[in-house]
Each structure stands twice: as structure tokens, then as C-alpha cells.
Amino acid sequence: MRTFKKFQVAKEPDFQLKIVQQEFSELADNEVLVKVAYSDVNYKDALASTESGNVIRNYPMTPGIDLSGTVVKSRDPRFKSGDLVLVTGYGLGVTHPGGYSEYQIVPSDWLILLPENLSTRQAMILGTAGFTAALAVNALLKQGMSTDAHIVVTGASGGVGSTAIALLRKLGFTSITALSRKQEANDWLKQLGASKVLHPADFLPEKPKPLGKQQIDYIIDTVGGNQLSQLLPLLSYDGAGALCGNAGGIELHTTVLPFILRNVQLIGIDSVNVAHENRVTVWQQLADLAIADDLHVQEITLEQLPATIDQLLSGTHQGRTLVHVGGQE
Ligand SMILES: NC(=O)c1ccc[n+]([C@@H]2O[C@H](COP(=O)([O-])OP(=O)(O)OC[C@H]3O[C@@H](n4cnc5c(N)ncnc54)[C@H](OP(=O)(O)O)[C@@H]3O)[C@@H](O)[C@H]2O)c1
């Protein structure tokens with residue numbers, strides 16, 4: 001019987017992360033078998049690989065919320081053997097086995113054909129992080145953000161944060177303040193497009209007030225918690241924040257004042273359940289902007305996942321990590 005390799009999170013007999021061999025199974029209607037070329041590591045993948053992460057419901061499970069690769073077999077006429085595809089979000093790596101596997105069976109509705117100007121490698125350098133950053137930037141553009149605006153990006157050395165900076169820069173924004181707790185990220189964040197890189201403590205007021213000096217036009221926030229609470233009072237009239245993440249906590253303590261006195265908007269961003277049509281548009285936009293090759297990337301194998309997961313959980317990870325699963329398409 002032919003088998004393939006996959007990374008697995010198991011709970012029995014103890015909680016453990018391991019590489020196991022899996023046999024191929026038959027495809028049901030509307031399923032596609034993909035030979036995975038690349039996956040990546042997002043904060044959610046790191047949480048999924050912990051006992052208390054509250055991401056995975058059924059064990060054992062193969063994490064990996066993103067994958068790119070080549071269609072091997074298809075039970076949906078929209079896809080044929082040899083097509084290059086990507087998947088991000090939906091239930092991948094959460095309720096359905098994910099991208100940390102040499103082969104994966106995926107519901108065909110989740111697949112996107114790769115834009116012609118994007119490789120499987122570039123797609124996973126971006127992954128959910130790039131897709132989310134693009135959704136956040138698009139939401140703020142819709143809100144009226146123009147290239148002379150001052151934008152603050154939090155969790156700047158992370159996947160979503162750093163990709164958002166690269167995207168903004170490519171779109172012509174020149175006043176981008178990156179908030180990062182990592183001094184060592186200073187140089188590469190500036191190369192990516194940040195005009196200033198500051199430690200949050202050097203930017204945020206010592207004694208936050210319900211309304212502070214208006215000094216930010218837009219926020220792309222991946223941290224949530226206290227950092228976002230302290231940023232909202234600094235937004236200028238008509239300003240807006242795109243709220244993508246909670247790396248610093250899920251609570252948000254604020255007052256209504258920025259909203260009712262400064263017309264501030266706080267926009268939620270979800271990348272998991274975006275409509276298919278919108279996904280195709282955003283992936284084409286990411287391919288056309290060609291930012292994947294500008295990003296800060298390290299590349300690992302399935303065997304190296306536990307070390308990278310530890311880095312994400314301890315907040316020491318920088319940029320994007322690409323998981324080279326099986327190929328170079
Ligand atoms: N809404 C969605 O659909 C969606 C999609 C993707 C990601 N997310 C969320 O967005 C966040 C970022 O995801 P990611 O994949 O970019 O993660 P990541 O690569 O781990 O980046 C998170 C960054 O946040 C900062 N950070 C981490 N822990 C922190 C803490 N305790 N306090 C303050 N800052 C902290 C760090 O940046 P510095 O060291 O530079 O400060 C870190 O690099 C996560 O919460 C993730 O779940 C949401």
C-alpha cells in the first residue's frame with residue numbers, strides 16, 4: 001500500500017506532535033487530491049499545535065491552514081490533474097486535515113486556481129497572512145485611505161503585519177509607522193517599507209485618555225488587547241482601524257468617544273470565510289503587486305515545524321515561515 005508523510009497533532013496517549021505515514025484514500029464527489037508543494041506557519045497553526053490552543057476540535061489532526069500544490073485527481077470537473085491550486089482558511093487544518101501533509105484531499109469549493117503570475121512557493125510566502133493583510137488594506141482603501149495618510153501597523157514583525165507594510169509600500173504609502181517589540185526587526189521592516197519602526201512603549205501614551213492627540217489616520221492591528229485600546233484615542237477625525245488579530249489578547253477596553261466624537265470606524269477582518277469570488281480577486285491583486293519576493297522568509301521542512309511553532313508562541317518569530325512540503329511548482 002502506497003503511503004505519504006504528514007505532520008500530526010495527537011491527544012492519545014499523550015498530547016504530541018509527530019510525523020506519521022498515511023495511506024491514500026478514495027475521493028468522494030466534489031473532492032480533489034492535491035500533491036502539496038508548500039504550506040506555511042501562521043499564528044493559528046501555532047495555537048493549533050498546543051493542547052490549550054482551542055483551534056482543533058477532533059484529534060488526531062493535521063494542522064496547516066494553508067496549502068499550495070498540484071491537483072493529482074479530481075471529482076469536480078472545474079479542476080483537472082496538473083492544475084496549480086491554493087487553499088487558505090475554511091476548515092483547513094482546523095476541522096479538516098490541513099497543509100502539513102505531502103498529499104491532501106480538499107473539498108473542491110475551497111480551491112483557487114493559482115494566478116498565472118504566482119508560483120506555489122510565492123502563494124505560501126503570502127498565505128493567510130498575506131491574504132489577511134490585503135483584506136485589511138482593501139477595507140481601509142474602501143474607507144477612503146489615500147497614499148498621504150499616516151498608518152500604524154501593529155505586530156509589525158509578524159506575518160500579517162510585515163506583509164501589510166510591504167503591500168502599503170507597493171501601493172505608494174510613505175508614512176507607515178511599524179510598531180514592533182523587536183529591535184532586531186528594525187532594519188528589515190524599514191527595507192520593507194516602514195518609514196519609522198518604534199517599540200509600542202515609545203509610541204503609546206504613558207497615561208491613556210479617552211481622547212488623545214490626533215496623530216494616526218489608519219491602523220492595521222494584529223495585536224488587539226491593550227495596544228489597540230491605547231491606539232483608538234489617537235485616531236484622527238474620520239480615521240479607521242482594521243482589526244485583524246489578537247496576538248496580545250482578546251479583550252478591548254475603550255470608550256465610545258473616538259467613535260461618536262471623531263467619526264472613527266473599527267472594521268473587523270476575517271480571512272477564513274471570505275466568499276470565493278472575493279478570494280480570486282484578492283489573490284490576483286497579491287500576484288500583480290508581486291510582493292512575495294520582498295518579504296522576510298525562512299524555509300523549513302515538516303520535521304522542523306515544532307521549533308518554528310515555539311518561536312511563534314513565544315513571540316520571537318519574525319516575518320514568514322514557508323514549509324517546503326514536497327515541490328517546486
Ligand atoms: N482575522 C483573521 O482572519 C486573521 C488572519 C490571520 C491572522 N490573524 C491573527 O492575527 C494575528 C497575527 O497573526 P500572524 O500570523 O501574523 O502572527 P505572528 O506572525 O506570530 O505575528 C504576531 C506579532 O504580534 C506581536 N505579538 C505577539 N505576541 C504579542 C503580545 N503578547 N503582545 C503584543 N504583541 C505581540 C509580535 O510582533 P512584534 O514583536 O513585532 O511586536 C508578533 O510577531 C494573530 O492573532 C492571528 O490569529 C487573524
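Tutor: We shall consider the ligand, then the pockets, and lastly some features of the backbone. Please keep in mind that this is a predicted model.

Student: Let us begin with the ligand. Which residues come nearest to the ligand?

Tutor: One begins by listing the residues that have a heavy atom within 4 Å of the molecule. Here there are 26 residues around the ligand, and those that come nearest are S157, S180, K182, I269 and S271.

Student: What is the make-up of that shell by residue class?

Tutor: The shell around the ligand contains 15 polar residues, eight nonpolar ones and three charged ones. As for secondary structure, helix 2 (residues 120–142) and helix 3 (residues 159–170) each contribute at least two residues to this shell.

Student: Which pocket corresponds to the space taken by the ligand?

Tutor: That space is the largest pocket. The volume of the largest pocket is about 1,000 Å³. Its lining comprises 45 residues, and Y43, T222, G245, N246 and A247 are the closest to the centre.

Student: Which helices contribute to the lining of the largest pocket?

Tutor: At least two residues of that lining come from each of helix 1 (43–48), helix 2, helix 3 and helix 9 (305–314). By class, the lining of the largest pocket divides into 21 polar, 18 nonpolar and six charged residues.

Student: How much space lies in the second largest pocket, and which residues are closest to its centre?

Tutor: The second largest pocket holds about 210 Å³ of space. It is lined by 14 residues, of which F4, Q22, S25, Q104 and I105 are the closest to the centre. Strands 1 (3–10), 2 (16–23), 3 (31–41) and 6 (103–107) each supply at least two residues of the lining. Strand 6 gives the most, with three residues. The lining of this second largest pocket has six nonpolar, five polar and three charged residues.

Student: Finally, where are the cis peptide bonds?

Tutor: The angle to read is omega. A cis peptide bond joins E12 and P13, with omega about -5°, and P13 is placed in the loop between strand 1 and strand 2. Another cis peptide bond joins Y59 and P60, with omega about -10°; P60 is found in the loop between helix 1 and strand 4 (66–74).

Student: Which residue has a positive phi although it is not a glycine?

Tutor: That residue is Y90, whose phi is about 50°. Y90 lies in the loop between strand 5 (84–88) and strand 6.

Note on methods: Residues numbered from 1 in each chain as written. Predicted model: local features only at pLDDT ≥ 70, side-chain atom pairs only at ≥ 80, totals over all residues. Heavy atoms only, no water. 1 Å grid on protein atoms, 1.4 Å probe; cavity = no way out; pocket = protein on both sides within 12 Å on 5 of 7 lines; lining within 4 Å. Sits in = over half its atoms within 2 Å of the grid points. Helix = DSSP H or I, 4+ residues; strand = E, 2+ residues; numbered from the N terminus. Nonpolar A, V, L, I, M, F, W, Y, C, P; charged D, E, K, R; others polar. Points joined across faces, edges and corners; volume = space filled by probe spheres on them.
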